[in-house]
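The following exercises concern a single protein structure. Please study the sequence and the model before reading each solution.

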Amino acid sequence: MDVYELGEGEPEVAVVGAIHGDEPCGARAVRRLVDSDLDAERPVRLIVANEAALDAEVRYLDADLNRAFPGDPDSDAHEERLADELLAEIEGCTTLAIHSTQSSAEPFAVIDSMDEVARAVAPHLPVDVVIQTDAFTEGRLIEHPHTLEVEAGLQGSDAAADNAYWLTRAFLTATGALPAPGADDVVDAGGRDDVEVFRLRDRIPKPEAEEYEVFARNFERVEVGEAFAAAGDEQLRADEPFYPVLLSPYGYRDQFGYVADRVGTIE
């Protein structure tokens, strides 16, 4: 784990990248921030979490770090020990965790539940969608109080790394750690009143097959009887209306993604 600090005093705001070693966008954003030599108005802790997996270009070494919290300092598994160390670093901090995905090029935010931090910060991020994942958060960093995740874009892409940087800048502005960017900067730190919120309801199983396809678009309603994916020659059709989230042919080993409900907007 690589830890940097901006500003003076004990940090109350933290940014975590590279929880997964095959998602380098967060680490690139952290290092870009460090190199930018910004003047922090509140102290900030910037963390590149799983450096060993990042160097090996793999998701994890022994266990999925984002399923390992709160961790175990005496574990034989690298990520179990790392989870314990990481929680100690962000204790008492409002935290942004940066990820990337195989399902969406457009950034979106992920929360455990709609608490006051989510309501205050999410509208100031350059995202149009927030996903509430309270039914599927066991072992994830997002269970830590006052923590938001962002999916910055397609895994391994330069666009995701650039998105991750500007998402982080917006987060640090929203939390008072950095001044608002100038008008010529990419980040939009202004408030939004149309951020849609979707709540995950169920997983979409993926039958065994040699090839997979998806036909539906994430966050767009699928109607009853509509084919939304295929496993080989078998088409999957909706038994009831739903919104697909994190839907992709190969993003998960045993599921296409999630069934979600649209539950409103953040105002």
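**Exercise 1.** In which helix is Asn 163 found? Describe its surroundings as well.

*Solution.* This is a predicted model, in which local features need pLDDT of at least 70, side-chain atom pairs count only at pLDDT 80 or more, and totals for chains, interfaces and linings use all residues. Residues are numbered from 1 along each chain as its sequence is written, and side-chain values use heavy atoms, with hydrogens and water left out.

Step 1. Asn 163 belongs to helix H5, residues 158-174 (helices are DSSP runs of H or I, at least four residues, numbered from the N terminus).

Step 2. With 22% relative accessibility, Asn 163 is partly exposed (buried means under 20% relative accessible area, exposed over 50%, partly exposed in between, with a 1.4 Å probe and protein chains only).

Step 3. Setting aside neighbours within four places in sequence, Asn 163 has contacts with Ala 105, Pro 107 and Ala 152 (contact means heavy atoms within 4.5 Å).

**Exercise 2.** Which residues have the most contacts inside the largest nonpolar core?

*Solution.* Step 1. A nonpolar core is a set of buried Ala, Val, Leu, Ile, Met, Phe, Trp, Tyr and Cys residues joined through side-chain atoms within 4.5 Å.

Step 2. The largest such core has 41 residues, and Val 15, Ile 98, Val 130, Phe 171 and Leu 172 have the most contacts inside it.

Step 3. Helix H5 gives the most to this core, namely 9 residues.

Step 4. Another core lies apart from it, with 15 residues, including Phe 69 and Leu 82.

Definitions and conventions:
Helices (H or I, at least four residues) and strands (E, at least two) are DSSP runs, numbered from the N terminus.
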